[in-house]
Amino acid sequence: MSNPRRQGRNRRSGFRETNRFVVVAFEGAETEPKYFELFRTPREKAVQYKPVGNPNHKSKPKEVLQRLERSFRDYKRGRDEGWLVIDRDDNSEAELNSICRKAREQGFHVALSNPCFELWLYLHLRDNAAFADRHDCQRRLSNVLAKYSPDNKGEYDTEPLKAHIALAIARAAALDIYPDTPWPTHQCTRVYKLVQSLQASS
């Protein structure tokens with residue numbers, strides 16, 4: 001596999017060299033990658049978003065971590081960032097504690113949503129609501145986000161979300177009352193931290 005930093009150095013004159021890569025591995029194969037297409041960056045940008053594919057739909061947290069570990073071999077720890085985007089779902093507390101510990105030991109970040117990633121999308125369009133579980137969150141998101149359906153998660157329209165990213169960050173940050181814990185045990189999404197990193201200029 002070619003080294004992305006070497007590619008950056010070989011760019012033709014006129015392109016700004018990449019300062020930082022943000023490498024992101026997702027639990028989901030549809031909803032999350034669809035949203036983060038909003039952060040696809042042209043080559044002249046200093047911060048470059050690099051998604052890790054999930055072609056086999058392996059969604060257990062340990063599998064997400066394994067994909068990130070493999071993909072991050074071509075990047076530089078310390079300046080480049082590795083992120084896991086996972087959900088609370090039905091994963092046990094012990095499993096999530098273990099994954100967060102292993103990720104932290106390798107310098108990776110965990111953007112966990114409790115109960116699910118759809119909470120992050122919902123916060124673009126509405127204030128937080130008390131969801132019974134992930135199914136309730138997904139159902140209520142389908143009422144406010146065009147083309148989103150729990151049975152067709154990858155076909156929603158991201159255009160209505162673009163103008164409300166800052167609002168979603170503010171709403172999510174307000175929910176994160178214990179931001180230094182390994183993962184939020186209450187209804188909250190730490191995807192806002194990843195988005196803040198992607199929006200940084202250097």
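Predicted model: local features only at pLDDT ≥ 70, side-chain atom pairs only at ≥ 80, totals over all residues.
A residue is called buried when its relative accessible area is under 20%, exposed when over 50%, and partly exposed in between.

The open sheet has 5 strands in the order 2-1-3-4-5, and its pairing is mixed. Strand 2 and strand 5 (188–189) stand at the edges with a single partner strand each, so one side of each has no neighbour in the sheet.

How many of the residues of strand 1 are buried? The count is 7 of the 7 in residues 20–26, so strand 1 is largely enclosed by the rest of the structure. Arg-20, Val-22, Val-24 and Phe-26 point one way from the strand, while Phe-21, Val-23 and Ala-25 point the other way, and all of these residues are buried.

| Strand pair | Bridges | Example of bridge partners |
|---|---|---|
| Strand 1 and strand 2 (residues 47–52) | 6 bridges, parallel | Val-24 and Pro-51 |
| Strand 1 and strand 3 (residues 81–87) | 5 bridges, parallel | Ala-25 and Leu-84 |
| Strand 3 and strand 4 (residues 109–114) | 5 bridges, parallel | Leu-84 and Val-110 |

His-124 is found in helix 5 (residues 118–125). Is His-124 buried or exposed? Its relative accessibility is 1%, so His-124 counts as buried. The side chain of His-124 makes a polar contact of 2.9 Å with the side chain of Tyr-35. When neighbours within four places in sequence are left aside, the residues in contact with His-124 include Tyr-35, Leu-161, His-164 and Arg-171.

In helix 6 (residues 134–142), Asp-136, Cys-137, Gln-138 and Leu-141 are buried, and helix 5 is among the elements that cover the buried residues of helix 6. The spacing of such residues can be read with one rule in mind: an α-helix has 3.6 residues a turn, so residues three or four places apart point the same way. The axes of helix 5 and helix 6 come within 9 Å and cross at roughly 35°, and the crossing is left-handed. Glu-118, Leu-119, Leu-121 and Tyr-122 of helix 5 make this contact with Cys-137, Gln-138, Arg-140 and Leu-141 of helix 6. At the start of helix 6, a side-chain oxygen of Asp-133 reaches to within 3.1 Å of the backbone nitrogen of His-135.

**Backbone details in the loops**

Most residues other than glycine have a negative phi, and most peptide bonds are trans. Against that background, Asp-89 has a positive phi, near 45°, although Asp-89 is a residue other than glycine. Asp-89 lies in the loop between strand 3 and helix 4, and its relative accessibility of 25% means that Asp-89 counts as partly exposed. Lys-147 likewise has a positive phi, about 75°, without being a glycine; this residue is found in the loop between helix 6 and helix 7 (159–162), and at 62% relative accessibility Lys-147 counts as exposed.

Where is Pro-115 found? Pro-115 is in the loop between strand 4 and helix 5, and a cis peptide bond with an omega of about 20° joins Asn-114 and Pro-115.

Technical notes:
Residues numbered from 1 in each chain as written. Heavy atoms only, no water. Buried < 20%, exposed > 50% of the residue type's maximum accessible area, 1.4 Å probe, protein only. Helix = DSSP H or I, 4+ residues; strand = E, 2+ residues; numbered from the N terminus. Pairing = 2+ DSSP bridges. Polar contact = N/O pair within 3.5 Å; in protein donor to acceptor, adjacent residues only side chain to side chain. Contact = heavy atoms within 4.5 Å. Axes fitted to C-alpha atoms, helices over the stretch in contact; angles between N-to-C directions. Left-handed = near helix turned anticlockwise from the far one by under 90°.
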